[in-house]
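Dear colleague,

I am passing on to you the structure we spoke about, with the sequence alongside. Could you look through it together with the notes that follow?

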Amino acid sequence: MLRSTVASVLAALLVAPLLPVTASAQPAADAPRVPEAVGFGGVVSSVDPDASQIGVDVLRRGGNAVDAAVAVAAALGVTDPFSAGIGGGGFLVHYDARTHRVSTVDGRETAPASAGEDLFVEDGQAIPFAEAVTSGLSVGVPGTPRTWERALRQWGSWSLDQAVRPAEELARRGFTVDATFHRQVTDNAARFADFTSTSALYLPGGAPPAVGSTFRNPDLADTYRLLRRRGVSAFYRGDVARDLLGAVRQPPLVAGATREVRSGDLTAEDLASYDAPLREPTRVRYRDFDVVGMAPPSSGGTTVGEALNILETTDLSAETQVQYLHRFLEASRLAFADRNRWVGDPAFSDVPTRELLSQRFADSRACLISPTRAMEGVVAPGDPRHATPCAAGGAPAATAYEGTDTTHLTVADRWGNVVAYTLTIEQEGGSGIVVPGRGFLLNNELTDFSFTPVTPGVPDPNLPGPGKRPRSSMSPTIVLQHGKPVLALGSPGGATIITTALQVLINRLDRDMRLVDAIAAPRASQRNAASTQAEEAFLATPEAEQLRALGHRFTSTGEIGAATAVERLPDGRWRAAAETTRRGGGAARAVWPTSR
């Protein structure tokens, strides 16, 4: 039965038309949210059903994983605009089935050339965080359009014109507003109302779009059409650049607004000189797997990798659930202590990436973990260049706040190419500023910099600087076994991205949980703090009380992360998995679905 199914699927793939996705191929606005899909021909997983369906349509019509990833990302700019879009940036990790190489694209936003370490300091004091967020001052040069261009030229088979077309049509035709979209507008209504362009788009008639209504964004559709016809040069040098700079330097405040909104100092040269470089990925050996991730300026690859190396010393599959969780939390605490001290933009700091990922350094940190007692408070970092067993030096390095509203998509195609792509505009709603006439929100990514040194008197690698990329926690990850991808994943969530990626990885690799269950499991996030953030579902488990007995302290929080993932099955099929409930549930799709 399976053999005949495979034969029919392969035959269908061979005759699939190599045509761009058009409006007739678009999903219905009420496409269902399904957290798991298994099949042949490729799979897509994202937070949104319309975006995921666009992705599998691209794969079905002959596009590869990069083509589909760009198409999904563009669609998320329509349906999930408060998390991502062309006004932001991100990191893309790609496995090439032909060369068996993993490569990455750094699409992180950059500070203006005029930025100094005192970018967010006035009269010797850091300005209030909320004021920094809703401002032109927080806007970095967006990296997303250049990321799409770089990825398509490097590995894609479709043009930017083809890949962005379905998202343009989605923006023009509209989609059904769900509870999450409505909540996001409602939560940001006060600041959205202070900008003429933002209120016109997201508060029509003075109120958020109603659940069940159709939301259209013709300005974004026109911007996408411009990018399709003229390429990303229209964004970085043309009319879009002019309008973007105008919104940053003179934010479009409504008459009578009392909010203090600082202007930014981005220039035409800042935009025109932006590049999304290829970077060598991080890589650690964990059990029988190679775990490959994003190198600095993202801290995702180094921090997930160090934590895995710390956990390598313990057989987690044989531990009790309490000890499993205890060691996960303690490894996270130590890895974050080292991240906060050592990781920043490698163009500005000598980041010891190789040493942070060495097993020798991890072993020197792992021996600090006691099976009978949790570490207390904020712990000090180690020195990866001079690893000393069970020693920590210097002052403790706490973790600064990062906005949690990012998005992640994961794609695999029929040839075995894989993309894990995390993209963001930082805070929910970014800076709150829609570029007038262009239909997209600008990021507030520069608030990911440390406003002042985290630890007074200790060098901070994440202070602002001219053209500098703020440290990120985005953790798009691809797992290889014998050189071939078996798993890829990522998540939104600010600094909790790292702990979410780590928890899903060890749930799947060590505890052998089904992928959808590994994602759905209750989460906790220890980021070198006195207290561990935990979801209510985690706190309701019997293990939580036993962890408290070991000295762990917990603070209740809302949802942590919203992961998506894909994995290769032994029979050649792919499984896509997403959240079952977080953010309303994710959307997994397969090109040619089969039974699970």
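One disulfide is present in the structure, and it joins Cys-367 to Cys-390 with an S to S distance of 2.1 Å. Please keep in mind throughout that this is a predicted model.

Turning to the aromatic residues, a search of the whole structure gives 15 aromatic pairs. One of them is formed by Phe-120 and Phe-451, which are stacked, with 4.4 Å from centre to centre and 15 degrees between the planes. Phe-120 belongs to the loop between strand E3 (101-107) and strand E4 (121-122), while Phe-451 belongs to the loop between strand E12 (418-424) and strand E13 (477-481), so this pair ties together parts that are 331 residues apart in sequence. Phe-120 is buried, its relative accessible area being 0%, and Phe-451 also counts as buried, at 12% relative accessibility.

A further pair is made by Phe-235 and Phe-440, whose ring centres are 5.8 Å apart; the planes stand at 35 degrees, so the pair is tilted, given that planes under 30 degrees apart would count as stacked. Here too distant parts of the chain are linked, since Phe-235 sits in helix H11 (residues 233-236) and Phe-440 in the loop between E12 and E13, 205 residues apart. Phe-235 and Phe-440 are both buried.

Arg-60 lies over the face of Trp-592, at 5.4 Å from the ring centre, and Arg-146 lies over the face of Tyr-236, where the distance to the ring centre is 4.4 Å.

Conventions:
Residues numbered from 1 in each chain as written. Predicted model: local features only at pLDDT ≥ 70, side-chain atom pairs only at ≥ 80, totals over all residues. Heavy atoms only, no water. Phe/Tyr/Trp six-rings, centres within 6.5 Å; stacked < 30°, edge-to-face > 60°. Helix = DSSP H or I, 4+ residues; strand = E, 2+ residues; numbered from the N terminus. Buried < 20%, exposed > 50% of the residue type's maximum accessible area, 1.4 Å probe, protein only. Lys NZ or Arg CZ within 6 Å of the ring centre and 35° of its normal. Disulfide = S-S within 2.5 Å.
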